[in-house]
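Open the model in your viewer and keep the sequence panel beside it. The stops below can be selected one after another.

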Amino acid sequence: MKDKRKSSIWFGSGLLTAIVFIPLMSSGSATVAMAAQQGGAPQVGAAQTGPSGMANAGPHQAQYDSQHRPVTAGGFVKSGPIVFQDVAEAAGLTKWRHHAGTPEKKFILEAKGPGVCLLDYDNDGWLDIYLVNGSTYDALAGKAPAPQAALFHNNHDGTFTDVTKAAGVTNDQWGYGCAVGDYDNDGWPDLYVTNFGKNRLYRNNHDGTFTDTAETAGVAIGTWSAGATFGDYDGDGRLDLFVDGYVQFDLTNPPASGSKVVGFANCQFRGAQVMCGPRGLKGEHDHLFHNNGDGTFTDVSKKLGVDDPNGYYGLGALFVDLNGDGKPDLLVANDSTPNYLYMNKGDGTFEDQSYMSGFALNKDGREVANMGLAAGDYENNGHLSVVSTTFADDYKVLFQNDGTGSFTDASYQAGIAAATIPFVAFADGFLDYDNDGWKDLMIVNGHVYPEVDQHPEWGSSYAQRHQLFRNLKNGKFELVPAVEGTGLAVVSVGRGAAFGDIFNDGKIGLVINNMDGVPVLLRNVNPDHHNWVELKLVGGPRSPRDAVGATVYLNAAGMRQRGDVLSGGSYLSSNDLRVHFGLNDATDAGTAEIHWPSGAKEKIKLPAMNRIYTVTEGQGITGASCPAAACAAEPAQPAKANKP
């Protein structure tokens, strides 16, 4: 795909993030009035000295709460539904802290990351937590110890133990993201970590330790990598690996404002001097690695046309089946440049349908600062829609899928647009927080410019609160109020987040990795007593062992829900690989229709609700666990014919 951008329009007084490019190959037309919708009109001002910053719609009117706090760090209510509580300190996670460069964030290298991954690394049935760390310039120069990542082992009692050094996963690089996948099909989850510099592929040794095999496997790369996702794109039963690149960054010649590196541009945000980029910088290329089945990978990016010859700024990445053909397609969220959608043709190749599908741009035909990716069937119609998070002064985009991989920007119709405009959003995820059978939406926020705290007139903040949208079951969402003293009132510089049943209690929570801060662990304490069921899938000989790429349709409670086993997504993070379904008040767990990556299909009657079932391809239910105690004996469920 050639870059067809020809002209630009500038908004704002000193606002380099407000460039609007008009793509000639687009599903719509750009307009200068896009910011007037539900958020204040753009203010037209003088053009700037050169392109830099983040793409958005132009400056919006500042929003404050009753105490004149920016709505990004205020707007709390005294009473209301209590959904989450931050239990990170009690869980033992706050002994660890993320570090990235300097507090001033002089360069873009210091502003991206960090991700977080949920994985059951020791196969004890409980999710453990891996937190990616950044670094410092002194550490890169060998003048100071390097900040280290953290692997926290789940103690099954609400607490975690730091086992990083013993496990051998400290990383000691400037880290950004991570992804989980059993690339060698041995039944133990492996971990890929993206860095500025060489990446890590931590192979699980089955004894609580890992070995970095990135070099021998051929996936170290060595530039600035960001998002990563595992998926079996060619159907050979082995997980392949996609890694996107962000920007080219030279430590000896950094992109300082006014320097030759940025074309002598004066890098400003609303008149204030800020870091430069990503616009104005050269982008890194993307990599697709084919799994050879012998512990090594082959880079097939150029051969398959997914290497990003345009040099866009890749962040989020996700292998996910968007048209229901059983083959994983590939999504790439590009910062301040058009998104990519590569549709899997089913023969080991891809077709670039970024523009044709409607995924490249928002409804105004405009590229935005895409960062995180969430895929979920929020309408319970069997179609996976996608939410892309964006920069401030822009709404977060809900790409509604018609089931064929064609998208409509339904952000305003769904009710998520206006409330998200003031926020800089990174991680996102679909989750059924109240187990009513309908997927809700969580968005994690945090600014990239510390300077915003020095300008209260902007109506923004560096640390921001996070947003939960409840599914109204009619294609729309409503914002859940942030009650003082609860998890939704936590204010942090959020980046990556991973979603899952961290406490094995049937309630989905999340862990957030914050810029230059301690983690946030949001435990789901919603008072509902709705029922639920979860499935841990184990693939057979012709599927990846961890069943990444599998789709489950649950027929229960008068609904047909969809859940997918996905690696990557959110923002530089990886979620629980188990598939979770809320059952509302139903007392029948229903029937699971499983579409395995191999192409096999099985129907399995689930014996009881409020269980975590292990289902092995071709063998039916092979295990069960319950929240409080061992499950009562249940008969094994034999697999049925490979036709649902």
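Is Asp-364 buried or exposed? Select Asp-364: it is buried, because its relative accessible area is 7%, and buried means under 20%, exposed over 50%, and partly exposed in between, with a 1.4 Å probe and protein chains only. This is a predicted model, in which local features need pLDDT of at least 70 and side-chain atom pairs count only at pLDDT 80 or more, while totals for chains, interfaces and linings use all residues. Residues are numbered from 1 along each chain as its sequence is written, and side-chain values use heavy atoms, with hydrogens and water left out.

Stay at this site. Asp-364 sits in the loop between β21 (350-352) and β22 (373-376). Strands (E, at least two residues) and helices (H or I, at least four) are DSSP runs, numbered from the N terminus. Now show the side chain of Lys-363: a polar contact of 3.5 Å joins it to the side chain of Asp-364. Such a contact is a pair of N or O atoms within 3.5 Å; within protein, one must be able to donate a hydrogen and the other to accept it, and residues adjacent in sequence count only if both atoms are side-chain atoms.

Next come backbone features. Most residues other than glycine have a negative phi, and most peptide bonds are trans. Select Asp-393, in the loop between β23 (385-388) and β24 (397-401). Asp-393 has a positive phi of about 65 degrees and counts as buried, because its relative accessibility is 5%. Move to Ile-221 in strand β12 (residues 221-231). Phi of Ile-221 is positive too, near 65 degrees, but Ile-221 counts as partly exposed at 29% relative accessibility.

The bond from Gly-113 to Pro-114 is cis, with omega near 5 degrees; Pro-114 lies in the loop between α1 (88-91) and β4 (116-119). The bond from Gly-277 to Pro-278 is also cis, with omega near 0 degrees, and Pro-278 belongs to the loop between β15 (272-273) and β16 (287-291).

Finish at a sheet. Its four strands run in the order β38-β35-β41-β42, forming an open sheet with mixed pairing. β38 (579-584) and β42 (620-625) are at the edges with a single partner strand each, so one side of each has no neighbour in the sheet. Two strands pair if DSSP finds at least two bridges between them. Select β41 (residues 612-616) with β42: they pair in the antiparallel sense over five bridges. Thr-616 has Gly-620 in β42 as its bridge partner.
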